[in-house]
Amino acid sequence: MSSRRAVTLAVASVLVMVLALVGSLMPVPYVALMPGPTSNTLGENDKGEELVKIEGRQVYPDAGHLNFTTVTYRGGPGSRIDLLTALRGWLDGDVAIVPEETIFPRNESQEEVDEENTRQMRDSQETAQAAALRQLKIPLSTRIVIDAVQKGRPADGRLRPGDELVAVDGTRVERVGAATELMGKRKAGDPVTVTVRRSGAEQKVTLRTAAGDGGRPVVGIVLSDQYKFPFKVDISVGDVGGPSAGLMFSLAIVDKLTPGSLTGGKFIAGTGTITAEGEVGPIGGIQQKMIAARRAGATIFLTPADNCSDAVKARPDGLRLVRADTLNGAIQALNAINTGKGEVPTCR
């Protein structure tokens with residue numbers, strides 16, 4: 001009996017070793033999301049420079065923190081994680097294992113995704129400045145610029161990155177939203193005439209729209225709002241991409257441009273995209289961002305409304321969730337926390 005048991009144990013051990021070896025060599029189409037670094041928008045970056053630097057305008061100090069949060073990842077096309085890493089991640093409460101296409105859409109290379117994240121970060125900084133200045137009622141002007149032209153689409157070879165979009169079918173536009181709305185009124189296959197300004201001269205280009213995602217009409221251009229600001233704002237975050245720090249950038253700019261303290265000296269962190277109108281949008285990786293914030297010392301976390309339900313389920317101990325619907329609402333919530341007066345919207 002004992003020899004039979006020994007043989008069984010030996011065979012089982014060999015099978016475990018074989019499975020472990022296979023698991024360590026078997027790549028899987030998943031990505032591991034983990035808590036990333038956080039940075040104080042009121043402080044300095046890794047190079048000792050002001051993370052948000054304002055020139056040409058009076059600024060005011062704040063001893064507290066307004067940290068934006070990030071998520072790091074392992075995996076992706078060309079460097080997939082193995083099965084054992086994925087299994088360990090599923091068992092780790094700090095890690096989220098998500099399908100690869102969540103981070104890397106199909107038919108897009110890792111380089112293309114990185115370029116898109118860089119563009120989103122740049123655009124979020126511009127939009128955050130616009131939202132902050134509008135919150136403070138500081139005048140600024142806008143224009144629409146073509147960021148990229150997609151290969152194989154109707155605009156390919158007809159329009160160029162850097163062209164300024166002036167009008168759609170004769171209707172003047174000054175915001176990306178207005179241009180998108182006008183374009184969306186057409187059906188795929190309909191013609192559309194766009195007026196662009198190139199090298200100081202306006203020209204009209206007629207294109208026939210194609211079917212994009214969900215059949216919506218597209219011509220294959222990526223647009224962004226560009227703003228002319230009355231003073232200089234530099235945001236230096238290093239190798240960080242994506243749009244999710246927009247809310248925290250806006251708050252830092254408002255805090256620096258107004259007397260007093262938005263933080264009340266507290267360690268506040270948060271996340272959320274921002275529109276030029278000050279509307280806060282949802283982000284990904286809320287669980288990992290909250291963990292990163294709490295580890296860094298945050299006690300208050302500004303949370304986009306659409307992320308609240310997930311945030312409540314994964315909230316770390318000692319972290320107060322404050323719902324952020326708009327930039328103005330986030331400012332009012334922080335003032336209410338500091339003064340003890342007024343309602344503080346929470347995630348429920």
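Author: Two strands are said to pair if DSSP finds at least two bridges between them, and the strands themselves (E, at least two residues) are, like the helices (H or I, at least four residues), DSSP runs numbered from the N terminus. The model discussed here is predicted, and local features need pLDDT of at least 70, side-chain atom pairs count only at pLDDT 80 or more, and totals for chains, interfaces and linings use all residues. Residues are numbered from 1 along each chain as its sequence is written, and side-chain values use heavy atoms, with hydrogens and water left out.

Reader: What makes strand 14 and strand 17 a pair?

Author: Strand 14 (residues 267–270) and strand 17 (residues 300–304) are joined in the parallel sense over 3 bridges, and because pairing asks for at least two bridges, they qualify. Within this pair, I268 stands opposite I300 of strand 17.

Reader: Why are strand 4 and strand 18 said to stand at the edges?

Author: The open sheet has 6 strands in the order 4-1-3-14-17-18, with mixed pairing. Strand 4 (96–99) and strand 18 (320–324) each have a single partner strand, so one side of each is left without a neighbour in the sheet. Neighbouring strands of this sheet are turned by 35 degrees against each other on average, direction ignored.

Reader: What makes the link of C308 and C347 a disulfide?

Author: The term is used for a pair of cysteine sulfur atoms within 2.5 Å, and the sulfur atoms of C308 and C347 are 1.9 Å apart, so the pair meets the cut-off. A search of the whole structure finds 1 disulfide. C308 lies in helix 8 (residues 308–314) and C347 in the segment after helix 9 (327–339), so the pair ties together parts that are 39 residues apart in sequence.

Reader: Why is I253 called buried?

Author: A residue is buried at under 20% relative accessible area, exposed at over 50% and partly exposed in between (1.4 Å probe, protein chains only); I253 has 0% relative accessibility, and therefore counts as buried. I253 has its place in helix 6, where 12 of the 12 residues are buried. Leaving aside neighbours within four places in sequence, I253 is in contact (heavy atoms within 4.5 Å) with V52, I54, A128, Q129, A132, L133 and V233.

Reader: How do you know that the length of helix 6 is close to what is expected?

Author: The expected span is 1.5 Å times one less than the number of residues. Helix 6 (residues 246–257), with 12 residues, reaches 17 Å from its first C-alpha to its last, close to the 16 Å expected.

Reader: What makes a set of residues, such as the one of 45 residues, a nonpolar core?

Author: Such a core is a set of buried Ala, Val, Leu, Ile, Met, Phe, Trp, Tyr and Cys residues joined through side-chain atoms within 4.5 Å. The largest one here has 45 residues, and those with the most contacts inside it are L247, F249, L251, I253 and L302. Helix 6 gives the most to this core, with 8 residues. Leaving aside neighbours within four places in sequence, L251 is in contact with L66, L262, L302, L327, A330 and I331. In helix 9, the buried residues include L327, A330 and I331.

Terms used. Axes fitted to C-alpha atoms, helices over the stretch in contact; angles between N-to-C directions.
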